[in-house]
Amino acid sequence: MATSFIDLIEEYANNFIDDDTKKRVEQIAARQTNEFGVDQFGLDARTLRAVVPILCWFYHHYFRVETFGAQHIPKGRMMVIANHSGQLPFDGAMIAAAFLLEAKEPRLLRGMVERWTSEIPFVSTLLPRLGQVVGSPSTCKTLLENEEGVIVFPEGVKGISKLFSERYQLTSFGTGFMRIALAAKAPVVPVALIGAEEQAPAVANLAPLAKTLGIPALPIIFPQLVPLPLPVKYRIYIGEPIYFNGDGTEDDDDIAVMVKSVKDTVQQMIKNGLEKRKHIFF
């Protein structure tokens, strides 16, 4: 049988991760996929094995990530809520890597990606194979009820594309995540990431042109000409799970109060992290 491209990548990439990481990936593959190495949402164990070494390289060597609070990661269902920034979603990838590499029991976070990603060649295939899904409420609730970990960035595109002058200032949070978490009886795990705001400083956003091109944002990056990340140092802070009472049918005012409490928690974690940081590169 001819060797596929993904098989070659998997074989080559596995030379660059340690035995503990390989074991963690195999734990996830065995726990979350069927005998054919896939699950109902498109997660593919071979693709996961091929890509994890790349994530590990970025995690350990490029962004030199330090993760604090891994002991707070719960077993079973959880809704991870984090700040979003950096123009490209390296922040989400590194948070996912932290939950895979640092948790006592390795966890695969399911990202709720924007619908427009399903229209991008290659990306539309790769993301589902890595366990990421288009962010519909019903899919998210099903994942949580299956004891999965879901990561949501309530700032959405506004967060990831914010200007450098707006760094570490949370934009408005959507409220949908809270209704889903309540309906699924899932705790909210707050996460703050320090570092991504400086990886691709945006001095302007050509919003009208972006709209014409059908993309969510078109940032002007400086000093880079393209939004490739600078080798800044990431610090990830994982907070204690927050348990809310309710079933998701609460009125908007009550939901808004809960969402604000989560946002305030993440903002305080960001503030604390910035106070501890000495330099953006080390």
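1. Asp-39 sits in the loop between α2 and α3, while Arg-110 belongs to strand β3 (residues 109-113), so the pair ties together parts that are 71 residues apart in sequence. Salt bridge here means a side-chain nitrogen of Lys or Arg within 4 Å of a carboxyl oxygen of Asp or Glu. Helices (H or I, at least four residues) and strands (E, at least two) are DSSP runs, numbered from the N terminus.

2. A word on what you're looking at: this is a predicted model, where local features need pLDDT of at least 70, side-chain atom pairs count only at pLDDT 80 or more, and totals for chains, interfaces and linings use all residues. Residues are numbered from 1 along each chain as its sequence is written, and side-chain values use heavy atoms, with hydrogens and water left out.

3. Back to that pair: are its two partners buried or exposed? Asp-39 is buried, with a relative accessible area of 16%, and Arg-110 is buried at 0%. The cut-offs are under 20% relative accessible area for buried, over 50% for exposed, and partly exposed in between (1.4 Å probe, protein chains only). Glu-148 joins in as well, linked with Asp-39 and Arg-110 in a network of salt bridges.

4. The structure holds 15 salt bridges, and another one worth a look is Arg-77 with Glu-147 (2.6 Å, N to O). Arg-77 lies in the loop between β1 (66-68) and β2, and Glu-147 in the loop between α6 and β5, so this pair connects parts that are 70 residues apart in sequence. Glu-147 is partly exposed, with a relative accessible area of 39%.

5. Then there's Glu-198 with Arg-277, a salt bridge whose closest N and O atoms are 3.0 Å apart. Glu-198 comes from the loop between β6 and β7 (202-205) and Arg-277 from the segment after α10, so the pair ties together parts that are 79 residues apart in sequence. Both ends count as buried: Glu-198 at 7% relative accessibility and Arg-277 at 15%.

6. On to the nonpolar side. Which residues have the most contacts inside the largest nonpolar core? They are Val-80, Ile-95, Phe-99, Val-191, Tyr-234 and Ile-236, in a core of 37 residues. At least two residues each come from α2 (19-32), α3 (45-62), β2, α4 (90-101), β6 and β9 (235-238). The largest share, seven residues, is from α4. A nonpolar core is a set of buried Ala, Val, Leu, Ile, Met, Phe, Trp, Tyr and Cys residues joined through side-chain atoms within 4.5 Å.

7. Zooming in on Ile-95, and leaving aside neighbours within four places in sequence, its contacts (heavy atoms within 4.5 Å) are Ala-82, Leu-109, Ile-151, Phe-153, Val-191, Leu-193 and Ile-236.

8. After α8 comes Lys-185, with a positive phi near 55°.

9. Last, Thr-21 in helix α2. Thr-21 is buried at 6% relative accessible area and touches Val-52, Cys-56 and Leu-101, not counting residues up to four places away in sequence.
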